[in-house]
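This report describes how one chain of a model is built and how that chain meets its partner. Please keep the structure in view while reading.

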Amino acid sequence: MAFDDTARPASSAPETTAYGALTDHEDDARWAYGTGFTDPLHGVPAEIPDGIDRADLAAFCLALGDDALIMSHRLQQWVTRAPELEDELALANIGLDLLGQARLLLTRAGEAEGAGRDEDDLAYRREPHEFRNVRLAELADADFAHLVARLLVFSTWRLALFDRLTSAADPVLAAIAAKGVKEMTYHRDYAAQWVVRLGDGTAVSHERMVAAITAVVPFIGELFQDDAVFFQGDGVRAEFDTVFAQVLTAATIDVPVIPAGPPGARDGHTAALTEILAEMQELARAVPGGSW
Amino acid sequence: MTAQAVVGTVTDPELPMVTLAELGIVREVRQDGDGVVVTITPTYSGCPAMESIRADIATALRRAGFAQVEVRTVLAPAWTTDWISESGRRKLAEAGIAPPGAAPRRAAGPIPLTLTPRPSAVRCPRCGSAETEAVAAFGATACRELRRCPACREPFEHMKEI
């Protein structure tokens with residue numbers, strides 16, 4: 001996201017074109033070609049406090065950042081496909097919140113790693129096998145019911161986790177979590193209300209909502225396997241189970257038994273991730289270090 | 001003009017009727033000779049206006065003659081709509097955007113789930129009716145939701161409490 005226009009030819013100096021006012025150099029930040037999107041943690045102290053294991057912090061921020069980045073991309077794919085304009089706005093906004101979380105977390109992961117990688121290196125210049133997101137985030141949605149089922153599981157789990165991370169030893173991670181909690185409270189409510197509306201709707205919507213929940217359930221176990229790194233997520237599972245059951249009960253859907261996840265949480269991916277990254281990384285790979 | 005006064009004139013790129021200071025985005029302006037350090041905080045994690053906000057503040061200060069300008073970000077404490085000033089709330093309402101009520105106070109324990117529309121005291125910014133309905137929890141930006149007023153039959157936006 002490091003675009004700049006310092007290489008702009010002199011012939012386009014503001015006073016020589018009919019569009020001088022538009023290219024007022026001091027005002028470049030308003031324009032796509034000159035935004036110079038910088039480090040989202042710009043000005044936030046980058047040091048890692050003593051007593052924190054840098055490798056653990058980097059791994060944890062990378063995993064949570066990857067979850068948000070990949071889930072956000074899947075949500076963005078719903079724009080222009082949502083059933084109503086209001087839902088399109090909702091999904092775009094939720095995707096934007098998660099993209100913001102991803103930028104902060106990947107930047108923090110790069111700082112903790114200490115190898116000079118920034119958010120762009122981590123988002124655009126890694127191979128599928130290097131991504132640490134849970135499989136749940138990358139699944140393609142067969143229909144809107146699948147989307148809201150996946151978003152319910154994702155936001156219920158992530159909200160419970162972030163709520164506990166607000167007291168993380170790393171102050172930057174704690175601050176990112178505190179912002180995320182406020183945002184994801186709205187995400188979870190949005191998904192839960194749709195699951196109830198469809199589950200407790202017509203015979204057809206009920207059937208399709210049940211099918212969507214059934215399809216998502218095998219991907220829940222993985223979420224609870226890797227909380228031993230850096231941070232103990234005490235009570236996350238219990239809170240998830242309570243909220244998930246509360247929503248399904250209101251939706252007149254039987255609460256399913258959740259099987260354990262696959263061994264090696266975050267180690268494996270479905271073929272869907274390769275497809276997502278092919279789309280997301282295409283421009284960055286075609287024009288390395290591109291400048292507009 | 002002091003640096004504080006200059007920064008106080010800069011408006012929000014998405015809500016140009018209010019200033020960044022009125023929204024509570026500007027957390028501190030520290031002046032040291034002709035050097036100024038401004039601290040700002042994002043409203044939402046993904047706020048796409050942060051770059052623009054940073055640039056607008058720096059431009060305003062440079063035009064006012066401050067040579068050394070630094071704009072820093074701070075993430076904690078997280079921004080809350082409670083930081084929007086009285087004048088900011090009045091200007092939002094005048095522009096047809098219902099200002100936020102008090103941010104939710106959380107009791108101990110898990111964050112409560114909301115399965116039905118929250119009871120709301122949001123007044124219609126046009127006719128003042130207290131009976132308004134939620135249309136959608138997300139609007140044109142992350143910070144706003146869509147509502148409508150059955151009394152005057154107009155839709156309006158409301159800045160969500162966070």
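## A Strand Pair in Chain B

B:Glu133 has B:Arg148 in β6(B) as its bridge partner. The two strands concerned, β5(B) and β6 (residues 144-149) of chain B, run antiparallel and are joined by three bridges. The model examined here is a predicted one.

This pair belongs to an open sheet of four strands with mixed pairing, ordered β4-β7-β6-β5 in chain B. Its edge strands are β4 (97-98) and β5 (133-136) of chain B, and each of them pairs on one side only. Strands of a sheet in general pair through backbone hydrogen bonds, in either a parallel or an antiparallel manner.

## Overall Plan of Chain B

Chain B contains four helices and seven strands. Along the sequence, these elements of chain B follow the pattern α-α-β-β-α-β-α-β-β-β-β. The C-alpha atoms of chain B fill a box of roughly 55 × 40 × 25 Å along the principal axes.

Two domains divide chain B: domain 1 (3-73) and domain 2 (96-100 + 118-159). The C-alpha centres of domain 1 and domain 2 of chain B are 29 Å apart. Of the 162 residues of chain B, 43% count as buried. Among the contacts in chain B with a separation of 6 or more, 54% involve residues 24 or more positions apart.

## The Three-Stranded Sheet

A further open sheet in chain B has three strands in the order β1-β2-β3, again with mixed pairing. Because β1 and β3 of chain B stand at the edges, each with a single partner strand, one side of each is left without a neighbour in the sheet. From one strand to the next, the twist averages 15 degrees. Helix α3(B) packs on this sheet and touches β2 and β3 of chain B, its direction making about 155 degrees with that of β3(B).

Which strands pair in the antiparallel sense over six bridges? They are β1 (residues 26-32) and β2 (residues 35-40) of chain B. Within this pairing, B:Gln31 stands opposite B:Val36 in β2(B), and B:Asp32 has B:Gly35 in β2(B) as its bridge partner. β1(B) and β2(B) form a hairpin with two residues between them. In the turn, B:Gly33 has a positive phi of about 65 degrees.

## Where Chain B Meets Chain A

The contact between the chains takes 28 residues from chain B and 44 residues from chain A. On the side of chain B that touches chain A, α3 (50-63), β3 (68-73) and β5 of chain B each supply at least two residues. Which element gives the most to this side of chain B? It is α3(B), with four residues. By class, this side of chain B has 19 nonpolar, seven polar and two charged residues.

## The Largest Nonpolar Core

The largest nonpolar core has 127 residues, of which A:Cys61, A:Val148, A:Val195 and B:Val7 touch the most other members. Helix α6 (residues 171-199) of chain A gives the most to this core, with 16 residues. Domain 1 (3-73) and domain 2 (96-100 + 118-159) of chain B each contribute at least three residues to the core.

Leaving aside its neighbours within four places in sequence, A:Val148 is in contact with A:Ala191, A:Trp194 and A:Val195.

Notes
Residues numbered from 1 in each chain as written. Chains lettered and ligands numbered in written order. Predicted model: local features only at pLDDT ≥ 70, side-chain atom pairs only at ≥ 80, totals over all residues. Pairing = 2+ DSSP bridges. Contact = placed C-beta atoms within 7 Å. Nonpolar A, V, L, I, M, F, W, Y, C, P; charged D, E, K, R; others polar. Core = buried A, V, L, I, M, F, W, Y, C linked by C-beta atoms within 7 Å. Buried ≥ 20, exposed ≤ 12 C-beta atoms within 10 Å, placed from the backbone. Domains from an automatic or database assignment. Axes fitted to C-alpha atoms, helices over the stretch in contact; angles between N-to-C directions.
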